[in-house]
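Please look over the sequence and the 3D structure below before reading on. The briefing then goes through the topics one at a time.

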Amino acid sequence: DGAFYLWCDIGKYSNNSFKFAMDLLKTKQVAVTPGIDFGDYPNFMRLSYTQPLNKLKEGAKRIKEFLG
């Protein structure tokens, strides 16, 4: 029992991790945790990869589309 995470710098795309996370959820149905949930990290987001590989690949594809 454990969890795996990626801590991602989104500063190239946004300096508001909460808005970034909400926009990603609304437009691509991908949930991430905004960096501000962990302190003063407005340019970061956390990804948890606890799903089967096919779902992770689909999520990565949607994030790529979101980033343009």
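A surface patch here is made of residues with over 30% relative accessible area and no salt bridge, with like charges joined within 9 Å and nonpolar side chains (Val, Leu, Ile, Met, Phe, Trp, Tyr) joined within 5 Å. This is a predicted model, in which local features need pLDDT of at least 70 and side-chain atom pairs count only at pLDDT 80 or more, while totals for chains, interfaces and linings use all residues. Residues are numbered from 1 along each chain as its sequence is written, and side-chain values use heavy atoms, with hydrogens and water left out.

**Surface**

- Phe 4, Leu 6 and Tyr 49 make a nonpolar surface patch of about 300 Å²; accessible areas come from the Shrake-Rupley method with a 1.4 Å probe, and for residues only the protein chains shown count as cover.
- Tyr 49 sits in the loop between β3 (44-48) and α2 (53-67); helices (H or I, at least four residues) and strands (E, at least two) are DSSP runs, numbered from the N terminus.
- With a relative accessible area of 34%, Tyr 49 is partly exposed, a class that lies between buried (under 20% relative accessible area) and exposed (over 50%), using a 1.4 Å probe and protein chains only.

**Sheet**

- Three strands form an open sheet in the order β1-β3-β2, with antiparallel pairing; two strands pair if DSSP finds at least two bridges between them.
- β1 (5-9) and β2 (33-34) are the edge strands, and each pairs on one side only.
- The antiparallel pairing of β1 and β3 runs over 5 bridges.
- Trp 7 has Arg 46 in β3 as its bridge partner.

**A loop residue**

- Gln 29 is found in the loop between α1 (17-28) and β2.
- The phi of Gln 29 is positive, about 55°, although Gln 29 is not a glycine.
- Gln 29 is exposed, at a relative accessible area of 53%.

**Salt bridges**

- The count is 4 salt bridges, where a salt bridge is a side-chain nitrogen of Lys or Arg within 4 Å of a carboxyl oxygen of Asp or Glu.
- In one of them, the side chains of Asp 23 and Lys 19 meet at 2.6 Å, N to O.
- Asp 23 and Lys 19 are 4 residues apart in helix α1, about one turn of the helix.
- Asp 23 is partly exposed at 26% relative accessible area, and Lys 19 is partly exposed at 47%.
- Another salt bridge joins Arg 62 and Glu 58, with their closest N and O atoms 3.0 Å apart.
- Arg 62 and Glu 58 are separated by about one helical turn because they are 4 residues apart in helix α2.
- Glu 65 and Lys 61 also meet in a salt bridge, at 4.0 Å, N to O.
- Being 4 residues apart in helix α2, Glu 65 and Lys 61 are separated by about one helical turn.

**Largest pocket**

- A pocket is an open set of points on a 1 Å grid over the protein atoms alone where a 1.4 Å probe fits, with protein on both sides within 12 Å along at least five of seven lines; lining residues have an atom within 4 Å of a point.
- The largest pocket has a volume of about 390 Å³, the volume being the space filled by probe spheres set on the points, with grid points joined across faces, edges and corners.
- Its lining has 16 residues, of which Ser 48, Lys 55, Leu 56, Gly 59 and Ala 60 lie nearest the centre of the largest pocket.
- β3 and α2 are the elements that give two or more residues to this lining.
- The largest share of the lining, 7 residues, comes from α2.
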